[in-house]
Protein chains: 4
Amino acid sequence: MEKQDLLRKPVEHIDIKTFDARPVINGYASMAFQARNLAVARDIYNRMLADRDCKIILTLAGSLFSAGLKHVVADMIDNNMVDGIVSTGAIIVDQDFFEAIGFRHYIGSQFVDDVVLRELAIDRIYDTFIDEDELRICDMTIAEIADTLPPRPHSSREVIHAMGAYLEEKGLKAERSVVYSAYKKGVPIFVPAFSDCSAGFGLVYHQWHKKDAHVTIDSVRDFRELTEIKMAVRDTGIIMVGGGVPKNFTQDVVVATEILGKEKPMHKYAIQLTVADERDGGLSGSTLKEACSWGKVDLKYEQMIFGEATIILPLLVSDAYHQGVWKKRPQGNLAGLFKNDSEIA
Amino acid sequence: MEKQDLLRKPVEHIDIKTFDARPVINGYASMAFQARNLAVARDIYNRMLADRDCKIILTLAGSLFSAGLKHVVADMIDNNMVDGIVSTGAIIVDQDFFEAIGFRHYIGSQFVDDVVLRELAIDRIYDTFIDEDELRICDMTIAEIADTLPPRPHSSREVIHAMGAYLEEKGLKAERSVVYSAYKKGVPIFVPAFSDCSAGFGLVYHQWHKKDAHVTIDSVRDFRELTEIKMAVRDTGIIMVGGGVPKNFTQDVVVATEILGKEKPMHKYAIQLTVADERDGGLSGSTLKEACSWGKVDLKYEQMIFGEATIILPLLVSDAYHQGVWKKRPQGNLAGLFKNDSEIA
Amino acid sequence: MEKQDLLRKPVEHIDIKTFDARPVINGYASMAFQARNLAVARDIYNRMLADRDCKIILTLAGSLFSAGLKHVVADMIDNNMVDGIVSTGAIIVDQDFFEAIGFRHYIGSQFVDDVVLRELAIDRIYDTFIDEDELRICDMTIAEIADTLPPRPHSSREVIHAMGAYLEEKGLKAERSVVYSAYKKGVPIFVPAFSDCSAGFGLVYHQWHKKDAHVTIDSVRDFRELTEIKMAVRDTGIIMVGGGVPKNFTQDVVVATEILGKEKPMHKYAIQLTVADERDGGLSGSTLKEACSWGKVDLKYEQMIFGEATIILPLLVSDAYHQGVWKKRPQGNLAGLFKNDSEIA
Amino acid sequence: MEKQDLLRKPVEHIDIKTFDARPVINGYASMAFQARNLAVARDIYNRMLADRDCKIILTLAGSLFSAGLKHVVADMIDNNMVDGIVSTGAIIVDQDFFEAIGFRHYIGSQFVDDVVLRELAIDRIYDTFIDEDELRICDMTIAEIADTLPPRPHSSREVIHAMGAYLEEKGLKAERSVVYSAYKKGVPIFVPAFSDCSAGFGLVYHQWHKKDAHVTIDSVRDFRELTEIKMAVRDTGIIMVGGGVPKNFTQDVVVATEILGKEKPMHKYAIQLTVADERDGGLSGSTLKEACSWGKVDLKYEQMIFGEATIILPLLVSDAYHQGVWKKRPQGNLAGLFKNDSEIA
C-alpha cells in the first residue's frame, strides 16, 4: 500500500448556509431529552445575538476542524455571530492554519493497522488521516513566523494574529481559514495551552535555534487579555463546544475581574455541547449549574446539550444564520482593544 | 403546587415531512465522526428501501415515543418504509397506546423533587412527566382487551393486533398511533418482554381475576413468529434504535432459522443508533461487527451511529422520506403471514 | 489459524473470598465521586443484610458471567446474601448453564477480524470468545429439558428450576453454577425475556417439533410470581447490576401489588451499578430518584454507582462477605412460595 | 443555612499502603472487559518499574486530588514509583498546594441548589465543596511567590519548584503535599496550561500590579524542558489518568525530539485510565493505538482502562506498592537536569 492510496478523499467542510435548520429545530422544541435541549440552546443563542450589550465568546475543544466544522466557525466570524474565540491549539494550528497553507485532512477509517500508518507517516484522528510530512511543514511555518517576531513574551493571541498577517502577506487564501477570517474581522483568538500543538513544535524549534533571543508565550498574558475583554464589555455569552482548558479558562475570567478589583457580572448566557459526563467530576462534563456555584455562569439562560459536535453544531449555527439576527449586529472588534505592539491598550 | 400545574405543556411529536434533511446529511457526508456515520447510515437505509427483496425490521428501545418520536415511526409505517417492528413494551403500550386512548406526555424537568412528584402521582422520565392515574387507565384497558381474547397462549404480536382492533372498534383515532397504523398497514409489532410494561400490569390483573382460564403470553411464540418471517422473505435489513432485548431478539432470528434447519442469510443491512459503549461488554453497545462473528449481521452494509435518538432519528428518516424511494416500494404485509386465529399460517 | 488456537485460555471466575475488600472500600468512604458512591452502596448492602424483614433481589444484565462474575453471584446465593434473582437470559442460560454442562468462555480480543471468527464458528463478546458449536449443544439441552416438561404455560422460574434439577440428576457439578446453587438454596431465578437467549433457540426447536402439545413461556406468570413474592414479604432491597428488562421488571412489582389491591411499600433499599447515562432518557441509566416518582424505590437508602461491573461488583460483594452479616441471616427460601406443580401456593 | 454547615466533613485521602490490592487484581487477571484490562495495566506498570532504563511520567487530569487521590500520588513520589508529572493546574495548585497551605475539600452533594452555594461562597466540584474565600487566599499566595521571583519568563516547572521551596521555608508540612514531595524528591512537575487555575489568578494579579517587571510563564519552555528530559533518558513509560492537555503534551515530546534532530524512541510503555470515549474523535478518549500512528506510543506494552480514577487508581498503585519492585529502583532525579537558575543544564 502506498501513502497516497490512503490520502485520496479529503474531508469537506459543511456549509450551514446551504440548508435551513430552523424547521428541524422547531420540530425538536416540544420533544424531550437532547432534541429539546438543542432547541432551548438555539433560543439562547438567538437571544445572545439580539442582545446589543452582549459579546459572544466561542470555546472550542476536540478535533473539530479536521472533522469538517471549520466553515461553520468561519461563517460565524464573517457574519458577526461571534466576537472572540478560545480554543485548543490543534484546532487553530494543526487543523485551520494547516489547511490555510495548502494541506488537507483525509477521510480515513478507525479499522486500520496503526503500525502500518506509522510506517507510512500517516497520523490518525479516529476515522481521519493526516500526512505527517505536511504537519512538519506546518510546524516549521510557525517557527518561521516566530523568527520574524520581536523576542519578548507574547500572548497566543498575538502570535495567532501574526499567523493571520502571514496568510494575508503570502496571499494564502485558497482555502477559507478561521485564523484569517478572525484576522480580518477583528476577532481575537486565544489558545491558553499554545505549546500543546503544532505551534509548540515550531516554537520549541525556534527557541532551540535562537537560544539568546526568542519569542516566549506568556499564558498569563492570555488570561490577562481575556480578562481585559471581560472588563471592557457589558455582558458576555459563551458557547462551549467540548470542554477542556478553553471552557475553564473562559469561565474563569469572571473571577479574574473580581481579583483585579473590577468585578463584572457572571457570563449572562451559556451553552455547552459535550459528550462528557459529570459523574467522574471532570471539568469537561461539569454542568453550567456547577459553574454558577463558582460565580462564573448565570443560570437564567444556560443549557447543556449532550451530543457530538459534528452533527449538532451545524444545526445550531444554521438556525441562527437563517434567523438572521446577526444582520443587525455590529462587528464586535474586540481585537481593537489591543494595540499593535501587543500591549493591552 | 397542584398536579395540573406540572402537566400543562404536552410533548409534541416531530413531523419529518415538514423539513427535508437531505441537504443537512449531504453536508455531513464528507465530514468525520458521527456526522459521516449518519450519512453512511442514510445511504444504507435508502439502499434497503430500494432493494425489492429486502424486508425492513425496526427495533426500538428507550423512551422514544414519550420523547416525541412517535410520528416518525408512524410515517415510516404509513409510507411503506418499514415492514416489521420489535420494541420494548413501554414504547408500544405505555407511550403509543396510552396516547391513542387519549392521554399525553408532558414537558417536565429533571431538576425537580421526585418525592413531590410521587405525592402528586406524576411519573417522571428524565425531563418528561406522565399522569400516573392515566397510566392506570391504560393498564386496565389492556386487562379489558385481554378479557375478550381466547384463554390460550398468545404472542405479543397477537395482543398488539388486538389493541389495534380495539382502537378501530372504539373509533379512537384522535391521535396518530403506531399500533393503529401498523394494524391498518399489516406491519406486525413484537414485544419480546411484553409483561415488562403497562401491558404486564393489565395482564397480571387479568390473570389474577381469571384464575381458571386466561390469556398467557408465550414469548417463544414471538420468537417463532419472527423466525417465520425471516424464513418467508428473501433478505432483511434492520434499523436498531437503542439496544436491549429488541436488538438481540431480532439479530437472533438468523440463528433460529439455522436451528430449525431452514438456514437463511444474515441480515443484509444493519444500522444501529445508540449512546451505549462497547467497552463494558454489554449487548446494547456491542458492535455490528461483533454481531457478524455470531452469524447475525453481514458486514457489507452496516453502520453504527453513536448518538441520541431524538436528534438523529428524525434526520435519518426525513432524508429517506424526501428521497422518495418508498414511493415505488410495495406494502410488506408481513402480518399477512399470520392467520386470524393467530396461528402461523 | 485453527479454531483451537483461539480457544486456549478460559475465563476464570474471580473468588471474592480470597481477598478482603473492606479496607479498600473504607479508603473510598471519605473520598468523592464513584469511590464514595461505592462506599455508600456497601453500607446499604450491609444494612439490607442485617434487616431481618428484608428480602434481597439481585437483577443482572450485561455479559456478566462470561466475564468472570459467576462465582460472585454463586457465593451470594450459597451464603444467604441474596434471596431472588431477575436476569437476562444470556447470563443464566448461555453463560451459567452453558458452563454447568461442561463448556467454557475463552479469553479473546476485540482487535480481531470478525469474518474470520464467523468462519471458525467462534462467537465474540467484546474481548471474549465462545465456541458456537458448544452453544448449539446448550440450545439443544434446553430443548431436551422442555420435552420432559408438561405441555402447558410455564414461568421462566419453573423452567430454570427444571434446569437445576437436570444438573442434579445428571450429576453435572464439575463447575459451580448459579442455576444449580439457586436450585439447592431455594433462590428463585426469573428471566422475563426468556426467549431472548439460548433458551429461546431450544424452546423454538421444541415447539417446532412438538406442534400439538408443547411448553409455552408465560411472561405474565413471571410477573405474577415476582409480585407474589413482593406480597409475601415485609420489605425488599434490590441490587441492580446493569439495567434493561431485569431492572424495570423488578421495580415494577411494587406497582403491581397496588394494581392487585394488595399495596406494598416501595423497595426499601436500592443500589444500581451501571455505565449508562441518564441524559438519553433510557431506562438503563434512569436514576433511582426517578424511580421514586413512579412509586417504586424509596429514597432513604439508595445509591447509584457509575462504573463497570467486572471491577466493582467483586469489591462490593467481597466487603459484605467479609463483614459477615450474612452469617446470622436465615435462608430466604422464596422458592418455597411456589408449589412443585408450579402454581402459586 | 450557614456556610460552615456545608463544610463539616473533609475529604480524606485514600492510603494505598493500608491494603494490598494484589489479590484483587490477580482475581481480575483472567476475567474480561475492564477488570482484565486493569490487570494487564498492572503488569505493564510493574514492568516499567523493573526496567532500569525507563523513566516514568505520570499525567493527571480531572479533579483527582479534591477527590482524595493526593496521597496515592504522594506515595508514588516518595517511593520512587514516578519520575516526572504533567498535570492540569487545578490538581497542583487549587487542590494540592491549597491543602498544603492549610485548607481542605469537603464532602458535599450534587443534589443542591447552586445559587445557594453561590451566595455562601462555596464552590462545587460535583459532590465536593470548597470554601471560595480560601481559594482566594491560595490565589494570593501564588501572587506573593511570584513577587519573589526574577521578572523573566519561567516554565511552570520553575514556579512549582518555587512553590515547594515556599512550603519548605514556611514550614507548611501539616498536610502531605505532592508539590512538596516532588520538591524534596527531585520530581519535576509541569503544568502546560498554568494560567488555567488558581495560579492564573495569582499571576494575573502579580502582572497587573507589577506592570513593568514581572514573571511570565513560557509554556514553550515547559515543552522544551520536557523534551530535554525525553532526550536525556533512554526509555520512557507513561501513566495517564484522564486525558486533556497533560496527555497530549506528554505524548508530543517524542515528536519534539525528532524536530530538534535528536530523535528518540516512542514511549515504550503506556497506560491510560479514562472514562472518555473515542467515538467523538476527541483527544481525551483517543486510543493508544491511534497515538502509535503519530509515532508517540509503542504498541508492545500499552493498555487503556475505561473507568473512573477514584476507584481504579488506588488499586493499580496499591498493587505496585506491595509488589515492591520500587524498592530496588533508584530515585529518578529528573529535576537535577535543570539548573537552579532555571535554564536547561
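Two residues are in contact when heavy atoms of theirs lie within 4.5 Å. This is a predicted model, in which local features need pLDDT of at least 70 and side-chain atom pairs count only at pLDDT 80 or more, while totals for chains, interfaces and linings use all residues. Residues are numbered from 1 along each chain as its sequence is written, chains are lettered from A in the order in which they are written, and side-chain values use heavy atoms, with hydrogens and water left out.

**Exercise 1. The interface of chain A and chain D**

Describe the interface of chain A and chain D by its contacts, its buried area and its salt bridges.

*Solution.* Begin with the contacts: 68 residues of chain A are in contact with 68 residues of chain D. Next comes the buried area, which is the accessible area (1.4 Å probe) that two parts lose on being put together, summed over both; for chain A and chain D this area is about 6000 Å², and carbon and sulfur atoms give 62% of it.

Then turn to the charged pairs, where a salt bridge is a side-chain nitrogen of Lys or Arg within 4 Å of a carboxyl oxygen of Asp or Glu. The rule finds two salt bridges across this interface, and A:Arg124 forms a salt bridge with D:Glu290, with the closest N and O atoms 3.9 Å apart. A polar contact is a pair of N or O atoms within 3.5 Å (within protein, one must be able to donate a hydrogen and the other to accept it, and residues adjacent in sequence count only if both atoms are side-chain atoms), and 22 residue pairs, both at pLDDT 80 or more, are in polar contact across the interface of chain A and chain D.

Finally, ask where the contact residues come from, using helices (H or I, at least four residues) and strands (E, at least two), which are DSSP runs numbered from the N terminus. Among the elements of chain A that each supply at least two residues of the side that touches chain D are α7 (132-148), α11 (219-232) and α12 (244-259). By class, that side of chain A has 33 nonpolar, 14 polar and 21 charged residues, where Ala, Val, Leu, Ile, Met, Phe, Trp, Tyr, Cys and Pro count as nonpolar, Asp, Glu, Lys and Arg as charged, and the others, Gly among them, as polar.

**Exercise 2. The relation of two copies**

What rotation and what shift superpose chain A on chain D?

*Solution.* Two copies of a chain are related by a rotation about an axis and a shift along it. Superposing by least squares on the C-alpha atoms of residues with pLDDT of at least 70 in both copies, a rotation of 180° with 0.0 Å of shift along its axis brings chain A onto chain D, with an RMSD of 0.0 Å. That is the relation of a two-fold axis. The same surface serves both copies, since 100% of the contact residues of chain A recur in chain D.

**Exercise 3. A covered helix**

How many of the residues of helix α5 (residues 89-100) of chain A are buried?

*Solution.* Buried means under 20% relative accessible area, exposed over 50%, and partly exposed in between (1.4 Å probe, protein chains only). By this rule 11 of the 12 residues of α5 of chain A are buried, including A:Ile92, A:Asp96 and A:Phe98. After the helix comes A:Gly102, whose phi is positive, near 115°.

**Exercise 4. Around D:Thr250**

Is D:Thr250 buried or exposed, and which residues does D:Thr250 touch?

*Solution.* Locate D:Thr250 in helix α12 (residues 244-259) of chain D. D:Thr250 is buried, with a relative accessible area of 1%. Not counting residues up to four places away in sequence, D:Thr250 touches D:Ile57, D:Thr59, D:Val86, D:Leu226, D:Ile238 and D:His267. A polar atom of the side chain of D:Thr250 also lies 2.7 Å from the backbone oxygen of D:Pro246.

**Exercise 5. Salt bridges within a chain**

Which parts of chain B does the pair B:Asp83 and B:Arg329 tie together?

*Solution.* The structure holds 120 salt bridges over all chains. In one of them, B:Asp83 and B:Arg329 bring their closest N and O atoms to 2.6 Å apart. B:Asp83 lies in the loop between α4 (70-78) and β2 (84-87) and B:Arg329 in the segment after α14 (309-323) of chain B, so the pair ties together parts that are 246 residues apart in sequence. Both B:Asp83 and B:Arg329 are buried.
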